[in-house]
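Hi everyone, thanks for coming. Today I'd like to walk you through the aromatic rings in this one, so let me put it up on the screen.

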Amino acid sequence: MPIHTYRELKPTPEAEALYRRWLAKLNDEFTRQQSPDRRSEVVRDELYQIYFGRPHGGHIKAVLNSELAMYSLSESFDPRNITLEPEYYGDIDAEQYAIRKPLIWFWQMFDRSPLGLNHWLGFRFRCMLGRHIFRHLGKHVKIFHNVEFTYGYNLTIEDSCTIHKNVLLDDRGAIILHEGTSVSDYANVYSHTHDINNQSNITNKTTELGPRARVTYHATVLAGANIGEDAMLGAMALATKPVPQETVSVGIPAKAKIRKQASVLAAETL
């Protein structure tokens with residue numbers, strides 16, 4: 001069978017220069033500004049331009065009732081005026097999250113804006129933010145649109161990983177994507193569990209994928225169900241326990257069915 005690699009695509013030279021200048025400016029701002037308030041102001045001003053096409057004009061005074069919806073939208077560009085789901089969780093490190101929250105809101109609102117499906121820009125924008133949000137973000141990482149994570153500060157993504165659209169990475173405990181790992185569209189990876197009798201009783205675990213693991217379409221990895229080196233979790237599968245290295249596991253619950261040999265699926269059934 002033919003091997004089809006990703007094509008290299010670029011915007012026009014003029015647009016590429018503009019995009020790179022914008023990302024460099026944002027990276028410099030977030031590197032220099034470590035306070036949640038200042039980061040929130042930067043995000044507010046940038047989102048105002050992205051959505052309204054003009055600079056933020058200072059404090060808004062709502063006068064007419066007919067304009068209240070517009071003013072509510074404007075105020076919501078400021079991360080200080082919104083609450084995100086992880087902020088409600090009892091195990092949050094509030095100080096660590098506070099400094100990341102403006103950037104997480106920026107990530108989510110970028111993806112919902114007209115810029116969100118511009119993949120060339122989106123890959124670079126998310127990696128720029130990820131280096132300020134995650135515990136670690138390696139080189140040559142691709143993150144597609146609508147990827148969600150919980151706290152960010154418990155998430156490690158090593159070199160050459162790919163995370164496709166609409167993936168959930170629940171890093172309440174910790175998630176480590178080792179080098180070369182791929183997570184496909186609509187997959188879910190968890191790192192916490194609830195007690196069956198008391199939902200507030202949370203157990204956090206570390207969930208590791210790879211190196212070079214593949215979690216395919218709509219699959220789910222439960223907390224602590226590590227995916228081994230060069231292993232694959234099949235489409236729609238539910239990993240409730242660790243997936244052995246160099247195997248393909250399928251089903252609900254997932255069971256290892258095939259062993260991989262020299263990157264070729266062998267006929268051996270486990």
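Searching the whole structure turns up 16 aromatic pairs; rings of Phe, Tyr and Trp (its six-membered ring) pair if their centres lie within 6.5 Å, and planes under 30 degrees apart count as stacked, over 60 as edge-to-face and the rest as tilted. Take Y48 and F52: the ring centres are 4.7 Å apart and the planes sit at 90°, so this pair is edge-to-face. This is a predicted model, where local features need pLDDT of at least 70, side-chain atom pairs count only at pLDDT 80 or more, and totals for chains, interfaces and linings use all residues. Residues are numbered from 1 along each chain as its sequence is written, and side-chain values use heavy atoms, with hydrogens and water left out.

Where do Y48 and F52 sit? They are four residues apart in helix 2 (residues 36-52), about one helical turn; helices are DSSP runs of H or I, at least four residues, and strands are runs of E, at least two, numbered from the N terminus. Y48 is buried at 7% relative accessibility, while F52 is partly exposed at 23% (buried is under 20% relative accessible area, exposed over 50%, partly exposed in between, with a 1.4 Å probe and protein chains only).

Next, Y97 and Y151: their centres are 6.2 Å apart with planes at 75°, so they are edge-to-face. Y97 is in helix 4 (residues 94-111) and Y151 in the loop between strand 3 (148-149) and strand 4 (155-157), so the pair ties together parts 54 residues apart in sequence. Both Y97 and Y151 are buried.

Finally, W22, F30, F106, F110 and F125 make up one aromatic cluster. Thanks, everyone!
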